[in-house]
Amino acid sequence: MLKSQRPVRRKLPRSFKELTPANHFKPATFFCELVLKAWLTPRTGEHQTPVFPKLKHGQVAITWIGHASFLIQFTDLNVLIDPNFANWLFLLKRIKRSGLRIRDLPPIDLVLLTHAHFDHFHKPTLRKLPHPKIGIMPRGVGDLAHNLGFARVVELEWWENFSNAKSSWNVTFTPSQHWGARTLADRHRGYGGFVLEYQGRKIYHAGDSAYFDGFKEIGKRLAPEIALLPIGAYHPETFRAVHMGPDEAVKAFHDLNSKRLIPMHFGTFRLSFEDMDEPLRWLRELCAQHRITSRLQAMQEGVPVVF
């Protein structure tokens, strides 16, 4: 068994200022690039009328809702990861509509929340869910889940897991290179990703993360078959302290030795300064160069894909 060891961390930001060029925050630039441009951009995309597939044992259906939000379905298990159906995050406008409406979701058994940032732990969305049974989240985040309708809240540290003996599914909380503060003065909350194991399948959701050597250890320990990896919010270069671009996502995919790459965390909210359509376009080019196009599954919001 591999020895438990936390990956070497890059310096994590204490404020938005530390993510901007030359360590200075220009409110006018932030407002023009991330707020005003989004306000002036027409919202695109359509809510899909869900046609959820009838699955056989060992099959998994994955539906991208948008941003980092996914619905993962097995024959008898429905899982939401980082659900966010918001049209606005404070001043930030959602550029592309969610692929599903909350009212069209199936009954939810399990919600996985990777960290406390508002675009991943979205309280208004969680309040509207039809009372999921279990919420799993990092250590130090459970207090935020009070009165959100969960029958049970489970907090995990890196490499800890939670299993359901009756159904035999298992969730392992994995390291990432990010930070977990809900507010700038909030330093105690954890962050990471998840590997969900059930019916012989292993699906990895990286949460938010910069590239780091921990992807190699996740691959060795857990060998996820399907990797849901973020590819957006990488420009300016200082943003790469906590996010990956498509180039690093491809590197992480190779480190994990997974069979399928599903990109996420792009094209929904304008959170950084690259063009909204650049991450997926660049990822497709890189996959062609690395001869892994057949392993890339770029998903349409709201449309289930069976694996």
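Accessible areas are computed by the Shrake-Rupley method with a 1.4 Å probe. On this basis, the accessible surface of the chain comes to about 13700 Å². Carbon and sulfur atoms account for 53% of that surface. The model is a predicted one. Its chain holds five helices and 15 strands. Of the 307 residues, 58% count as buried.

Six strands form an open sheet in the order 9-10-11-12-13-14, with mixed pairing. Strand 9 (161–163) and strand 14 (260–264) stand at the edges. Each has a single partner strand, so one side of each is left without a neighbour in the sheet. From one strand to the next, the twist averages 15°. Within the sheet, strand 11 (residues 193–198) and strand 12 (residues 201–205) run antiparallel and are joined by five bridges. Here Glu-197 stands opposite Lys-202 of strand 12. Helix 4 (residues 246–256) packs on the sheet. This helix touches strand 12, strand 13 (226–230) and strand 14, and its direction makes about 155° with that of strand 13.

Helix 3 (residues 214–222) also has a buried side to describe. Its buried residues are Gly-214, Phe-215, Glu-217, Ile-218, Gly-219 and Leu-222. An α-helix has 3.6 residues a turn, so residues three or four places apart point the same way. The cover over the buried residues of helix 3 includes strand 10 (170–174), strand 11, strand 12 and helix 4. Ala-223 follows helix 3 and has a positive phi, near 45°.

In soluble globular proteins, nonpolar side chains tend to be buried together. The largest nonpolar core in this model has 59 residues. The members that touch the most others are Ile-62, Ile-72, Ile-136, Trp-169, Tyr-204, Phe-215 and Leu-229. Helix 4 supplies the largest share of this core, five residues. Tyr-204 has contacts in several parts of the chain. Leaving aside residues up to four places away in sequence, its partners include Thr-174, Phe-194, Phe-215, Ile-218, Leu-229 and Leu-256. Another core, of 20 residues, lies apart from the largest one. Among its members are Leu-71, Leu-105, Val-111 and Leu-144.

Aromatic rings were examined next. A search of the whole structure finds ten aromatic pairs. One of them joins Phe-239 and Phe-273, which are tilted, at 6.3 Å centre to centre and 45° between the planes. Phe-239 lies in the loop between strand 13 and helix 4, and Phe-273 in the loop between strand 14 and helix 5 (278–289). The pair therefore ties together parts that are 34 residues apart in sequence. Phe-239 is buried, with a relative accessible area of 3%. Phe-273 counts as partly exposed, because its relative accessibility is 21% and buried means under 20%. Elsewhere, Tyr-211, Phe-212 and Phe-215 form one aromatic cluster.

Strand 1 (residues 61–66) has six of its six residues buried, so this strand is largely enclosed by the rest of the structure. Five bridges join strand 1 to strand 2 (residues 69–73), and the two run antiparallel. The hairpin they form has two residues between the strands, and His-67 takes a positive phi near 55° there. Strand 1 also pairs with strand 15 (residues 305–306), in the antiparallel sense, over two bridges. Ala-61 stands opposite Gln-73 in strand 2 and opposite Val-306 in strand 15.

Note on methods: Residues numbered from 1 in each chain as written. Predicted model: local features only at pLDDT ≥ 70, side-chain atom pairs only at ≥ 80, totals over all residues. Heavy atoms only, no water. Pairing = 2+ DSSP bridges. Helix = DSSP H or I, 4+ residues; strand = E, 2+ residues; numbered from the N terminus. Axes fitted to C-alpha atoms, helices over the stretch in contact; angles between N-to-C directions. Contact = heavy atoms within 4.5 Å. Core = buried A, V, L, I, M, F, W, Y, C linked by side-chain atoms within 4.5 Å. Buried < 20%, exposed > 50% of the residue type's maximum accessible area, 1.4 Å probe, protein only. Phe/Tyr/Trp six-rings, centres within 6.5 Å; stacked < 30°, edge-to-face > 60°.
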